[in-house]
Amino acid sequence: MSYQLYRNTTLGNTLQESIDEMIQYGQITPALGMKILLQFDKAVNNSLANRVKSKITFKAGKMDTYRFCDNVWTFMLSDVEFKETQEMAKVEKLKIVACDGKSVTEENSKKN
């Protein structure tokens, strides 16, 4: 099983809307739509785990809240500064959701 966090991105939402429309017009079945979403979840998780090589650091002025539930960490931060070699960016509020990607990757490789 792959995490479904990325379904709530612009790309994930657009994919879901397209699938819903195709189901509505009878072009695909709901079962096929679900298979497409599951493949999307696997592909995004795999790509982020294996293809992204850049590193970024960040520093928060304050950690407002944190939570650990169902093996998922959620952090709410404020006054956050990001740095990547020469570039810097600041944001007022940031939510980080961190899942154990190693166990998901290992689980997926056992299935393949």
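Biologist: Among contacts between residues at least 6 apart in sequence, what share joins residues at least 24 apart?

Modeller: In this chain, 40% of those contacts do. Keep in mind that this is a predicted model.

Biologist: Fine. What is the mean pLDDT of the chain?

Modeller: The mean is 86. Of the residues, 87% reach 70 or more.

Biologist: Which element has the lowest mean pLDDT?

Modeller: Helix α3, residues 101-111, with a mean of 52. Helix α1 has the highest, at 94.

Biologist: And what should I do where pLDDT is low?

Modeller: Where pLDDT is low, the predicted coordinates should not be read in detail.

Biologist: Got it. How many helices and strands does the chain have?

Modeller: Three helices and three strands. From the N terminus, the order is α-α-β-β-β-α.

Biologist: Let's take α1. How many residues does helix α1 have, and what does it reach from first C-alpha to last?

Modeller: Helix α1 covers residues 10-24, which makes 15 residues. From first C-alpha to last, α1 reaches 21 Å. That is close to the 21 Å expected at 1.5 Å a residue.

Biologist: What comes just after α1?

Modeller: Gly26 sits there with a positive phi of about 75 degrees.

Biologist: On to the sheet. Is the pairing parallel or antiparallel?

Modeller: Antiparallel. The sheet is open, with its three strands in the order β1-β2-β3. The edge strands are β1 (57-69) and β3 (87-99), and each pairs on one side only. From one strand to the next, the twist averages 10 degrees.

Biologist: How many bridges join β1 to β2?

Modeller: Eleven, with β2 spanning residues 72-84. Phe68 has Trp73 in β2 as its bridge partner. For Lys62, the partner in β2 is Ser78.

Biologist: And over how many bridges do β2 and β3 pair?

Modeller: Twelve, again in the antiparallel sense. Met76 is bridged to Lys95 in β3.

Biologist: Which residue in β3 stands opposite Thr74?

Modeller: Val97 does.

Biologist: Now the turns. How many residues lie between the strands in the hairpin of β1 and β2?

Modeller: Two. Asp70 belongs to that hairpin and takes a positive phi near 55 degrees. Its place is the loop between β1 and β2. Asp70 is not a glycine, yet its phi is positive.

Biologist: Is Asp70 buried or exposed?

Modeller: Exposed. Asp70 has 70% relative accessibility, and the cut-off for exposed is over 50%.

Biologist: What about the hairpin of β2 and β3, which residue takes a positive phi there?

Modeller: Thr85, with phi near 35 degrees. That hairpin also has two residues between the strands.

Biologist: Where is Asp79 found?

Modeller: In strand β2. Asp79 has a phi near 55 degrees, a positive value in a residue other than glycine.

Biologist: Last topic, the surface. What percentage of the 112 residues count as buried?

Modeller: For this chain, 19% of the 112 residues count as buried.

Note on methods
Residues are numbered from 1 along each chain as its sequence is written. This is a predicted model: local features need pLDDT of at least 70, side-chain atom pairs count only at pLDDT 80 or more; totals for chains, interfaces and linings use all residues. Side-chain values use heavy atoms; hydrogens and water are left out. Two strands pair if DSSP finds at least two bridges between them. Helices (H or I, at least four residues) and strands (E, at least two) are DSSP runs, numbered from the N terminus. Axes are lines fitted to C-alpha atoms, for helices over the stretch in contact, and angles run from 0 to 180 degrees between N-to-C directions. Buried means under 20% relative accessible area, exposed over 50%, partly exposed in between (1.4 Å probe, protein chains only). Contact means heavy atoms within 4.5 Å. The expected span of a helix is 1.5 Å times one less than its number of residues. pLDDT is the predictor's confidence in each residue, from 0 to 100.
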